[in-house]
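Please keep the sequence and the structure in view while reading.

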There are 2 protein chains.
Amino acid sequence: MSETLREKALRLDGEDGLGKLREKFALDEVTYLDGNSLGALPAHVPARMADVLTREWGELRIRSWDESGWWTAPERIGDRIAPILGAAPGQVVVSDSTSVNVFKAVVGAARLAGDDRDEILVDATTFPTDGYIAQSAARMTGRRIVPVAPADMPSAAGPRTAAALVNHVDYRTGRLHDLRGITAALHGAGALAVWDLCHSAGALPVGLDAHGVDLAVGCTYKYLNGGPGSPAYLYVAERHQAAFDSPLPGWNSHSDPFGMTPGYEAAAGALRGRVGTPDILSMLALESALDVWDGVDVEDVRAKSLALTDFFLECVREYVPAGRVESLTPGAHAERGSQVALRCAEAPAVMAESIRRGVVGDLRRPDVLRFGFTPLYVGFADTERAARVLAEVLAEVPAG
Amino acid sequence: MSETLREKALRLDGEDGLGKLREKFALDEVTYLDGNSLGALPAHVPARMADVLTREWGELRIRSWDESGWWTAPERIGDRIAPILGAAPGQVVVSDSTSVNVFKAVVGAARLAGDDRDEILVDATTFPTDGYIAQSAARMTGRRIVPVAPADMPSAAGPRTAAALVNHVDYRTGRLHDLRGITAALHGAGALAVWDLCHSAGALPVGLDAHGVDLAVGCTYKYLNGGPGSPAYLYVAERHQAAFDSPLPGWNSHSDPFGMTPGYEAAAGALRGRVGTPDILSMLALESALDVWDGVDVEDVRAKSLALTDFFLECVREYVPAGRVESLTPGAHAERGSQVALRCAEAPAVMAESIRRGVVGDLRRPDVLRFGFTPLYVGFADTERAARVLAEVLAEVPAG
């Protein structure tokens, strides 16, 4: 008798070298496939935050800016994230939201490219905020936006292109774009590559340094489990740092912030990307959450991610009646991030019912079911359950 | 026999209607006069944050964006702060750092003023970040910065003035500027008034609506006790909201953020000042911290603040040998914020030793001792002690 999918799931969980990491998270009977929106809570974080609140803030108060290392947290945590991005130390700073960092990165890239390059290419399928913010950056630097599908960027880039802003993984479909090839093509046209890593970092290797990326941004509350709205990061390649000209030159990016001089003089290195006083509570929760990455190789994470999404697609094919859902996520590994997006005419009702039954994904209006696979804590039994519950729900929700 | 200063302190503490608020804070034997840099921890905040971490994030996870009210926190907490600023609901949003909000406010004000007004006045004695950011805002909107002392703004404002950025209280000297008169004078010249309330809000009445202020920003980690780096706020007067054109139009400020449409359409009201995903942990700590304001009248806070700084100056005059310190803080109540700044040639050594002896103020290089009086938890005995310790330290630190 051949192995059932449920048996296969248990076997794969037994063989999973990362499986033991799950116990580091506060998880319950819910199958949580929304870690690509908000990562689960690493179980040790509340105790660390109790110490931050009661001792660092409550007892040391102002002294903690020095004694508890609050002041240097943005660059220290940046260096902690850097290996996950394939970046050497000194190039990543944690600060502000992703949107604010997109503004810094796009304006910074446009200025690095010079005034004779007056076009900024923006991923036409981008997460909306990137497009809105890039539009403002273009308006405020005297440039224009050209929406281009990522695959078309190599042919679209030319002598007028200052930079391109591209998502590494499409938030809607889960499609993985060719960071290496697109970056090389942009460089071939003399343009800079700015990557948004929100949906890739922590789920697959990025290789910022290896592929010569110029600037990058990303959030930390998805695959990095930093907590709701935890601060984002900005990567500025070392070769660009001395000329990086931030549109938000706050006092935290000054070379001598406590000199409090009226004239601005930018600090060296990654901390030139800082702006104002960092949100320490959110930032230190992130720092604590990153402990779960100790000893984890992102190549192993990627291998498990692909095994999970392969297995989910296999379970969906097996369980779900033909025609009810259509995968928007590419089948080819080289084009797949760490989520599976299924188009489904009844998506709103289906996702609501799936959540009621303990399988949490999310909806992207009007008709996309998103299932995110976070390899640090999602297993194969979760995956089989998600597909099975989806089939059960679809059997009860009439086709539209 | 006349009353000693120590006896007077005890009498004043006994008469202090706000004195009972002190027990709401985590305080120890330290006399903490640095609440104008980082407010003390309200004692109930750690328990609230434990619930946010373990239940809202750990158990509800993504559902908390709706069910725990995370998504609406920026405008909800803004409305909580509004009465402290003298603002009606719907005009204040909590989001980002002060620096980022200065950028939104100055760019927004310049655009509201129109293109024929090409000058932005900036408080020549400003906290540095305001000047740095205003410079960037001017550069990116085709305007130029004119540094002007606040008292000179009425005469400096003219037909080319788009807006002025002014500090309500000078961070260094503690001087309180005439918000009402300067705002009226700017309006007389057809310019907008943008106020930085970092060193005033929570210590004295601001009266944003009553005085017709156009835009304002401020931090929440000083007199509002929101915690290290807690998010800042932006006030946009209702009459300007429909035309307010943010330079950081992130998806959180979209009229339909989850529509995820490629075109930007600004939301109505205060939340047009939002940008990206809010830093929920820092934000909810702030919201919890604001509970200590329940039932507190900011006029009472102001009365106590003036009594504290009057008493501190009296104690300094009595205890400290003539010539060792000089007050930079105005004697007139109408010109005094809630701190006392003393120029002292030996300031670095003196403050270090004062802190070792349990009286925490801070230093502004090269020669200013700052003592902040936060009326919710600083009393008159603290104040007498601070002056006494200062005198003791000065007796041991030789005059330079």
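## Two domains of chain A

In this predicted model, the centres of domain 1 of chain A and domain 2 of chain A, taken over C-alpha atoms, are separated by 29 Å. According to the domain assignment, domain 1 consists of residues 5-32 + 296-396, and domain 2 of residues 47-293.

## The interface between the domains

The size of an interface is often given as the accessible area lost when the parts come together. For domain 1 and domain 2 of chain A, the area buried between them is about 2,000 Å², with 58% of it on carbon and sulfur atoms. On the side of domain 1, 28 residues are in contact with 18 residues of domain 2.

Two salt bridges are counted between domain 1 and domain 2 of chain A. There are also nine residue pairs in polar contact between these domains, with both residues at pLDDT 80 or more. Three elements of chain A each give two or more residues to the side of domain 1 that touches domain 2: α11 (298-319), β10 (339-343) and β13 (368-372). Helix α11(A) provides the largest share of that side, namely five residues. By residue type, the side of domain 1 that touches domain 2 divides into 13 nonpolar, seven polar and eight charged residues.

A salt bridge also joins Arg172(A) to Asp367(A), and their closest N and O atoms are 3.9 Å apart.

## An aromatic pair between chains

A pair of aromatic rings is described by the distance of the centres and the angle of the planes. Over all chains, the structure holds 25 aromatic pairs. One of the aromatic pairs is formed by Phe127(A) and Trp251(B); this pair is edge-to-face, with 5.1 Å from centre to centre and 80° between the planes.

This pair crosses between chains. Phe127(A) belongs to the loop between β3 (119-123) and α6 (128-140) of chain A, while Trp251(B) belongs to the loop between α9 (238-241) and α10 (280-289) of chain B.

## Backbone features

Most residues other than glycine have a negative phi, and most peptide bonds are trans. Arg61(A), which is not a glycine, has a positive phi of about 50°. Arg61(A) is placed in the loop between α2 (45-60) and α3 (64-67) of chain A.

The peptide bond from Arg365(A) to Pro366(A) is cis, with omega near 0°. Pro366(A) is found in the loop between β12 (362-364) and β13 of chain A. In chain B, the peptide bond from Arg365(B) to Pro366(B) is likewise cis, with omega near 0°, and Pro366(B) is in the loop between β12 (362-364) and β13 (368-372) of that chain.

Key:
Residues numbered from 1 in each chain as written. Chains lettered and ligands numbered in written order. Predicted model: local features only at pLDDT ≥ 70, side-chain atom pairs only at ≥ 80, totals over all residues. Heavy atoms only, no water. Domains from an automatic or database assignment. Contact = heavy atoms within 4.5 Å. Buried area = accessible area lost by both parts, 1.4 Å probe. Salt bridge = Lys/Arg side-chain N within 4 Å of Asp/Glu carboxyl O. Polar contact = N/O pair within 3.5 Å; in protein donor to acceptor, adjacent residues only side chain to side chain. Helix = DSSP H or I, 4+ residues; strand = E, 2+ residues; numbered from the N terminus. Nonpolar A, V, L, I, M, F, W, Y, C, P; charged D, E, K, R; others polar. Phe/Tyr/Trp six-rings, centres within 6.5 Å; stacked < 30°, edge-to-face > 60°.
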